[in-house]
Amino acid sequence: MSSKIFIAGITGFLGSRTAKILHAHGYEVYGMVRSGSQTDHVQKYIRETLTADLLIQEDLSRIKQFLLKHEIFQLIFAVGSVNYHHDYETARKHNVQTALNFMQLAEELHTQRKLHKIVGVGSVAARGFMLSKPAPAQYLTESVSHFQPTRSIYCDIKYEIQQLMTVYCQRSLLPLVMVEPGSLVGPPTGRATSTNVGLVEKILKGFPVLAGGVSYASVERVAEGVMLALEKGRIGETYILGGENLTMTAFAKLIRQLQHERVSPDKHSLPVLTIPRVAALILGKLKLVINPQQAVMGSAFHFVNDTKARQELGYHHDHEDLIQALQEMLAVDGP
């Protein structure tokens with residue numbers, strides 16, 4: 001297998017970590033960046049970049065020529081970010097349309113026998129969510145979904161992207177492997193950040209949290225999982241890259257404990273207050289403190305079972321991985 005990799009979304013929160021991991025393992029990393037993107041945090045891991053935009057038709061031909069020129073036949077798609085304040089059409093344009101153009105480009109390369117493998121980065125949010133805390137037997141897996149349309153713009157967008165990529169894989173026999181990360185935890189790099197960066201900042205200030213829960217995953221471990229999917233993932237398969245399943249209350253308590261140990265072990269840490277689901281939905285509807293999307297997602301559960309990725313890819317994630325990711329975040333945010 002060639003050591004050359006092209007990452008679309010290389011300056012992003014996960015894309016930049018993936019470039020770092022691949023570079024450390026001897027891969028020759030190339031990437032696409034949009035005009036005006038900050039690249040300082042990832043430049044040392046990249047052999048060469050191409051400034052282009054998947055939403056601009058003229059740029060699609062330039063991307064194709066770049067891949068052919070450098071004989072790059074392995075692609076990672078890590079583009080996309082759904083802002084909670086976006087309306088559906090705005091979110092769809094910047095995520096679904098981008099994915100559609102990327103898959104059309106991949107289809108052209110595959111027709112010319114110039115494509116060996118694609119790793120598409122999605123999200124477990126595409127599987128929907130549960131309204132009450134689930135038992136382990138009810139956790140989301142690659143074959144279990146609770147998705148229902150219109151419950152959440154975020155889930156709708158992620159679901160549409162993954163359905164689109166899967167359909168292309170089946171229709172054109174594209175060599176696609178999908179990965180679905182949990183909720184990414186780690187310090188920001190450059191301008192690249194995640195929802196949990198903002199959440200940790202609020203927790204440190206004493207803000208109450210919502211009553212839901214997710215699988216909190218170290219972004220470094222997930223980046224390793226993306227590399228493992230490239231190396232070992234079976235074509236046509238999907239792998240959940242989870243972390244530790246925690247309620248937001250338990251997550252907040254862990255952060256407060258770690259911050260307490262860092263800066264004020266002789267003082268009492270702030271208690272964690274939780275906003276019940278019904279109260280959150282009311283606040284979201286009234287757009288007080290939180291918006292409707294945050295209220296829906298933050299009071300739901302995305303607990304996962306990632307046994308398949310552990311068994312087939314050798315993916316691993318344990319409590320210490322989450323602790324390390326949080327400590328790195330606190331070192332940036334804390335005093």
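Which residues are linked in a network of salt bridges? The third point below gives the reply.

1. Basis of the note. This is a predicted model, in which local features need pLDDT of at least 70 and side-chain atom pairs count only at pLDDT 80 or more, while totals for chains, interfaces and linings use all residues. Residues are numbered from 1 along each chain as its sequence is written, and side-chain values use heavy atoms, with hydrogens and water left out.

2. The structure holds 15 salt bridges, a salt bridge being a side-chain nitrogen of Lys or Arg within 4 Å of a carboxyl oxygen of Asp or Glu. One of them joins the side chains of glutamate 220 and arginine 17, at 3.5 Å from N to O. Because glutamate 220 lies in helix α6 (residues 219–232) and arginine 17 in helix α1 (residues 13–24), this pair ties together parts that are 203 residues apart in sequence. Helices here are DSSP runs of H or I with at least four residues, strands are runs of E with at least two, and both are numbered from the N terminus. Arginine 17 is buried, with a relative accessible area of 5%; buried means under 20% relative accessible area, exposed over 50%, and partly exposed in between, using a 1.4 Å probe and protein chains only. Glutamate 107 and arginine 171 also meet through their side chains in a salt bridge, at 2.9 Å from N to O. That pair links distant parts of the chain, with glutamate 107 in helix α3 (residues 88–111) and arginine 171 in helix α4, 64 residues apart. Glutamate 107 is partly exposed at 22% relative accessibility, whereas arginine 171 is exposed at 52%.

3. The salt-bridge network. Arg234, Glu237, Lys308 and Glu312 are the residues linked in a network of salt bridges. Within this group, the closest N and O atoms of arginine 234 and glutamate 312 are 2.9 Å apart. Arginine 234 lies in the loop between α6 and β10 (238–241) and glutamate 312 in helix α10 (residues 307–312), so the pair ties together parts that are 78 residues apart in sequence. Arginine 234 is partly exposed, with a relative accessible area of 41%, and glutamate 312 is partly exposed at 31%.

4. The second largest pocket. Rolling a probe the size of a water molecule over the atoms shows where empty space is left. On a 1 Å grid over the protein atoms alone, a pocket is an open set of points where a 1.4 Å probe fits, with protein on both sides within 12 Å along at least five of seven lines; its lining residues have an atom within 4 Å of a point. The second largest pocket has a volume of about 240 Å³, a volume being the space filled by probe spheres set on the points, which are joined across faces, edges and corners. Its lining consists of 15 residues, and Arg127, Gln162, Gln163, Thr166 and Thr238 lie nearest the centre. The elements giving two or more residues to this lining are α4 (153–172) and β6 (176–181), and α4 gives the most, with 6 residues. By class, the lining has 5 nonpolar, 7 polar and 3 charged residues. In this scheme Ala, Val, Leu, Ile, Met, Phe, Trp, Tyr, Cys and Pro count as nonpolar, Asp, Glu, Lys and Arg as charged, and the others, Gly among them, as polar.

5. The loop between β5 and α4. Threonine 141 lies in the loop between β5 (117–121) and α4 and counts as buried at 18% relative accessibility. Not counting residues up to four places away in sequence, threonine 141 touches Arg127, Ile240 and Asn305, where contact means heavy atoms within 4.5 Å. Proline 134 has its place in the loop between β5 and α4 and is buried, with a relative accessible area of 7%. Proline 134 touches Tyr139, Phe301 and Phe303, again not counting residues up to four places away in sequence. Proline 134 and phenylalanine 303 are 169 residues apart in sequence and 7.4 Å apart in space, C-alpha to C-alpha. Threonine 150 lies in the loop between β5 and α4 and has a positive phi of about 70 degrees although it is not a glycine. Threonine 150 counts as exposed, at 72% relative accessibility.

6. Cysteines. A search of the whole structure finds 0 disulfides, a disulfide being a pair of cysteine sulfur atoms within 2.5 Å. Cysteine 155 is buried, with a relative accessible area of 2%, and cysteine 169 is buried, with 10%.
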